[in-house]
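Consider the following model, which is predicted.

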Amino acid sequence: MARGKAISIGPRGSCCRQYEGRPGFWFEKNVAPQHRLWPEAFPGTFIRERCVDALGREAKAKHDALEYCHRRRNEIQRQIEGLKAGPQELSPDDVGSLAAALANRTAMALRDESPLSTLPLETLTRLKQAMPIWSSYAKKESHIDKSNTRRSVGRYTDLLLDLVSDKEGVDRETMDLVAEAFDEALKASGTLLKPTSRKAVEAIYAAKLANWAELAEDAKTQGQSKAPVPKGASKLVTIDSLCEKSLEVDWHSPATIPGVRTALSKLMAWAASSYGISMVASIQQEHMREYAALIRQSQPKSARKELSYLSAIFQCGIDHTLLSGPNPCQAIPKLKRSARMRVAKSIEAHKTLTLEELQTIDELMVSDKQFYLYLLQRFTGARQQEIAGLRHCDMREKGGYKCIVIEPHEHRGLGINGQGSGIKTPQSVRYVPLPKILQNLWEHLKGTSKEPIFAKQDNERKFGENYRSRYHDKTKRRGLPSGTHSLRETLIQTLTANDIREYVVRCITGKAMPMADYVHEDLPKMADAVELYSHLMPLKIAIANLGRSQP
């Protein structure tokens, strides 16, 4: 069946597609550069797969398809990073952690697939006897058909049922299948090992799996219906699994995850080169103390943010039982205030605007078809996507103040569902009072409709995408700061310089200040602050007819 026109789904780079006239969703990614470098790992130049849900069924809902594409992108990225890094030599602690996780993965596959009552007792005995043999077994030419490289876990039960207790008569194909179970578990972990580390992991893997077989044999003898859950971690904790958990529980937003992933990757690259550590769970407090001192010296401007990312993602792993405590970042010594001030951003680094520059931008944007979007962002300091995703019903009155409400709704949300003009963090949910100069605009835009005020234009994937591009082009031609975020930085800098409390500025801008942390009595302070800002940074142009022509 011929494919129709491709339609991109989700944010830019999601690799999720739909085709006109065809049901379902597809994951598509160009891997031609990787094919040239690693033809065995990437046999083709293009990957196209039908998206499936968590149960392996064809994905019918958009969020299921996006979750599948997100997972596959991470798997491919992890594979590329492993290929770039090359085979690793593991530390003794990492060898034990990896082997235990791989053995538990195989044991859990067996436990979930076959009820203990149907598994012959002698099979478990054979498993105990065969695993030590396999650990020293030199895998030579395999009798397995290599055309099917993605064998299901159902083959694991078949291979274990075929194990023989006679050491001299161990079947060659059976041993290859045991090795395949190990290889598949190792591939899923995204780890490439040097021969010495691989042999060490194989030996511990065999011992761990044999121990589990002994426990399962005892459970069978006692008449239990299910084999015991293997002790230790059943899932290898990787950068990928930590980031996925963070997204799943809304610990970080999708916009923040790339920075978190980069910070973790840099930490693990340093740990591997300095200590031979490749497992996230092996990072200790003494390692973090040394790493923090290193990056504070080598990259003082970004060290604070990276260490904040690392502390947050480690705490996420601990709180959701992926990692054991305490948080290794607790050992990082805090900088004295004088040291923090030396690495703080300057006004130039913040790209704030002077009054003259801001009024020049006013003149450039007055003719823009989304001038109202610009005005709301200019006087509230909100992020571009926060304003672009507003609905008519988000114009609300609170405590006698005319406000905009920035919150998740059916068109945008938090986490994986917040891709289209989504809310960056849970702390971004807030009320923002408007200055008097925008009161008429508020009256014009308010309503009960749940439709977006600033509807998507042309081929926009996110609300306000074209507005941001037009703003960028107009300001860049005049040599002005070209990002809409400079409007936000200008409000923050101006209010702070005029002795407005940091607490009030955080309430207005939604910077690490949850809505639950402020009450309605704070609205007057916020209203006074935005009114002050409108007088400090006034419009040069006349807007007498505000609210009569646009949204």
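Which residue in β7 is the bridge partner of Ile404? The partner is Val432. This bridge belongs to the pairing of β6, residues 401–406, with β7, which is antiparallel and runs over four bridges.

The two strands are part of an open sheet of three, ordered β5-β6-β7, and the pairing in this sheet is antiparallel. The edge positions are taken by β5 (395–398) and β7 (430–433); each has a single partner strand, so one side of each has no neighbour in the sheet. On average, neighbouring strands here are turned by 45° against each other, with direction ignored. In general, the strands of a sheet are paired through backbone hydrogen bonds, in either a parallel or an antiparallel way.

In soluble globular proteins, nonpolar side chains tend to be buried together. The largest nonpolar core in this model has 52 residues, and Tyr374, Leu376 and Ile508 are the ones that touch the most other members. The element that gives the most to this core is helix α15 (residues 371–380), with seven residues. Leaving out residues up to four places away in sequence, Tyr374 touches Leu358, Ile361, Asp362, Met365, Tyr467, Tyr471 and Leu487. Another core lies apart from the largest one; it has 30 residues, including Cys243, Ile277, Tyr291 and Ile295.

Notes. Residues are numbered from 1 along each chain as its sequence is written. This is a predicted model: local features need pLDDT of at least 70, side-chain atom pairs count only at pLDDT 80 or more; totals for chains, interfaces and linings use all residues. Side-chain values use heavy atoms; hydrogens and water are left out. Two strands pair if DSSP finds at least two bridges between them. Axes are lines fitted to C-alpha atoms, for helices over the stretch in contact, and angles run from 0 to 180 degrees between N-to-C directions. A nonpolar core is a set of buried Ala, Val, Leu, Ile, Met, Phe, Trp, Tyr and Cys residues joined through side-chain atoms within 4.5 Å. Buried means under 20% relative accessible area, exposed over 50%, partly exposed in between (1.4 Å probe, protein chains only). Contact means heavy atoms within 4.5 Å.
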